[in-house]
Amino acid sequence: MNIKRILFSVAAVILFSMETYAQQQLNLSSPDGRVTVKVEVGDDIKWSASLDGKPVILPGSVSMAVNKDILGKKPVLLSQSRRQINNRITVDVPRKNKTEQDLCNELLLQFKNNYSLIFRAYNEGAAYRFETKYKDEVLVKNEDVNLNFNPGSQVFFPEEESIISHYERSYIDTALASLSAGRFCSLPVLVTSGGVRVLVAEADLFDYPNLFLSATGVNSLAAKFPPVLLQADPGKRADRDEKIVKEADYIARTSGTRTFPWRVFTITDDDRKLAESDMVFKLSRPVAITDTKWIKPGKVAWDWWNANNIYGVDFEAGLNTATYKYYIDFAAKYGLEYIILDEGWSKTTTDLTGANPDINLEELIGYGKSKGVGVILWMLWKPLDQNMEKHLDQFVKWGAKGIKVDFMQRADQYMVNYYERVARECAKRQLLVDFHGAFKPSGLHRAYPNVMSYEGLKGAENNKWGKLITPDHNVTLPFVRMVAGAMDYTPGAMINANKVSFRDIFDTPMSMGTRCHQFAMYVVYESPLQMLADNPTHYYKEPESTEFISKMPVTWDETKVLDAKVSDYILVARRKGAKWYAGAMTDWTPRTLTLDCSFLPPGNYKIEMMQDGVNAGRNGNDYKKVVQKITNGSKLVLNLAAGGGWAGIIEKAD
């Protein structure tokens, strides 16, 4: 009898231990202790996150359907390990800082069935990813990402109408629970949960589709992925549109031994820190090319936005050699590194083997070289895809410095791999890449620093046909889309209008907001290949404005966001060498901000600044240039008009 009791007691202890182990809870905190990630392992795997002990992301399950298995269901935890990561990353093409600190605490959970989950807690947020170790290739049927937020959560929701998308969306500012189930968005997406900002993005995306998020009708979001594409036919515009005919019942066919994309969550109660965050970069693969010294970021004179509508010249403007020599002369005069030949330079949009009859391409590229101006060539993605190496070799032979690839529209596994193939093949040939008509950055720019910029947003080109590029939209971008990476927004409009006087005119476009709102974009917006989108004729007629823009760097050694509120305003200071540059933007609400110069080292400085004129609220073209002496004890009052801005260049005084 005693033996039976002993055996029963031992069995009870074993069962209790197994149950306790099966429902194990693990905590991971950021180095500063503010962000805490909680992982619960039971019948499934749930995770949550808090800031200063306050729940921000509520428990939600994660799993991945691989072949016939569902990783994360009935999990058996085999081991756990922890480590602190503290690396200094020297950035080859720095958008924010020349050196980034990659500081976090990591928890690695290894499960039965050859998979792991990795969690990281940063001072600025949290991230997790799956890792598998299967011998053979696998089919990923789906990945569950379930994000639950506090009641009353708000969202800036870049709603998509179709999974076939250029990611050019407006941000719907609404209650998360008000979005009916099935409505979905692309990334990044910004949620405010319990008064805390949560920016959802992804990093280290390769050989795998982009993540979208679907509303559920309550305070949560769930994963949605484009399936593997099996067949597509030409769409309405046969050279660039596709009609999806057949899709697979899986989202990826990939290596069985690999890491999967990071699910990235910037978590902060300070909008300044949100705009400063660079988690996507830090969580992505290190540089994959050995030589990066040839990569030359720069400013670009761009033709398409202004429709080559130059005037006051003695030749007929258009897609011809004389017009582009005019662009090159303009670029050379103001020290711009590049011009772009956009749609229309090639024989046809599908034939990249030569230029149209009115453009002597080799003469033009040679002329640019003699003036120190490089030429970047635009193209549709599919003709390049069909004969990539041959075309790229020809571009190098002509002397082109880079390519602008457009109209990808898709975000499936094949297209993700296409981006990397373009980046890799261009790097081999020392060509820069600008992805237009593109999905958002997801870390490729760290592995391949020759990838200069992405569109993946509703930018200035939309001024040509609509009224959605408002100052409100412009001051939302730094807190959502730009957190993922560089933005090919294409600033520089020289016709500036208030809300009443704005008109969308395709061949002579203008912008909403003031001239100084545009000036500020050259400091606030990050793009190592930054456009001057307007007509060179307009820039020639506005030399004071053009000279000011031409002084702006496109890469930065240090970034400080001094004051900010999502979708309302932002004030940024950036350093390049010994000089500092500052920029401020507001929405349609006039504001007074203060530039506290304490970020400057001790000493005497001169600031050259462009500020909204007294009549800028009526006429957006009105601005005033002011030059004055300051020190690091100075506090400058910045008066921003409706849709206004301010920009300044600070250097040591003589």
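Colleague: Which residue of β25 is the bridge partner of V300?

Modeller: Y338 is the bridge partner of V300. Keep in mind that this is a predicted model.

Colleague: What makes β24 and β25 a pair of strands?

Modeller: Pairing requires at least two bridges. Strand β24 (residues 298-301) and strand β25 (residues 338-341) are joined by two bridges and run parallel, so they count as paired.

Colleague: Where do these two strands sit in their sheet?

Modeller: The order is β31-β30-β29-β28-β25-β24-β34, an open sheet of seven strands with parallel pairing.

Colleague: Why are β31 and β34 called edge strands?

Modeller: Because β31 (451-454) and β34 (529-532) each have a single partner strand, one side of each is left without a neighbour in the sheet. From one strand to the next, the twist averages 25°.

Colleague: What about the sheet that contains β35 and β36?

Modeller: Six strands make up that open sheet, ordered β35-β36-β37-β42-β39-β40, with antiparallel pairing. Its edges are β35 (558-565) and β40 (623-631), because each has a single partner strand.

Colleague: How do you know that β35 and β36 pair?

Modeller: Seven bridges join them, and the requirement is at least two.

Colleague: Why is the ring pair of Y208 and F225 called edge-to-face?

Modeller: The ring centres are 5.9 Å apart, and the limit for a pair is within 6.5 Å. The planes stand at 75°; angles over 60 count as edge-to-face, so the pair gets that name. Both Y208 and F225 are buried.

Colleague: What is the distance from the charged end of K464 to the centre of the W304 ring?

Modeller: It is 4.9 Å, and the charged end sits over that ring. The charged end of K464 also sits over the ring of F506, 3.8 Å from its centre. The distance limit for the label is within 6 Å.

Key. Residues numbered from 1 in each chain as written. Predicted model: local features only at pLDDT ≥ 70, side-chain atom pairs only at ≥ 80, totals over all residues. Heavy atoms only, no water. Helix = DSSP H or I, 4+ residues; strand = E, 2+ residues; numbered from the N terminus. Axes fitted to C-alpha atoms, helices over the stretch in contact; angles between N-to-C directions. Phe/Tyr/Trp six-rings, centres within 6.5 Å; stacked < 30°, edge-to-face > 60°. Buried < 20%, exposed > 50% of the residue type's maximum accessible area, 1.4 Å probe, protein only. Lys NZ or Arg CZ within 6 Å of the ring centre and 35° of its normal.
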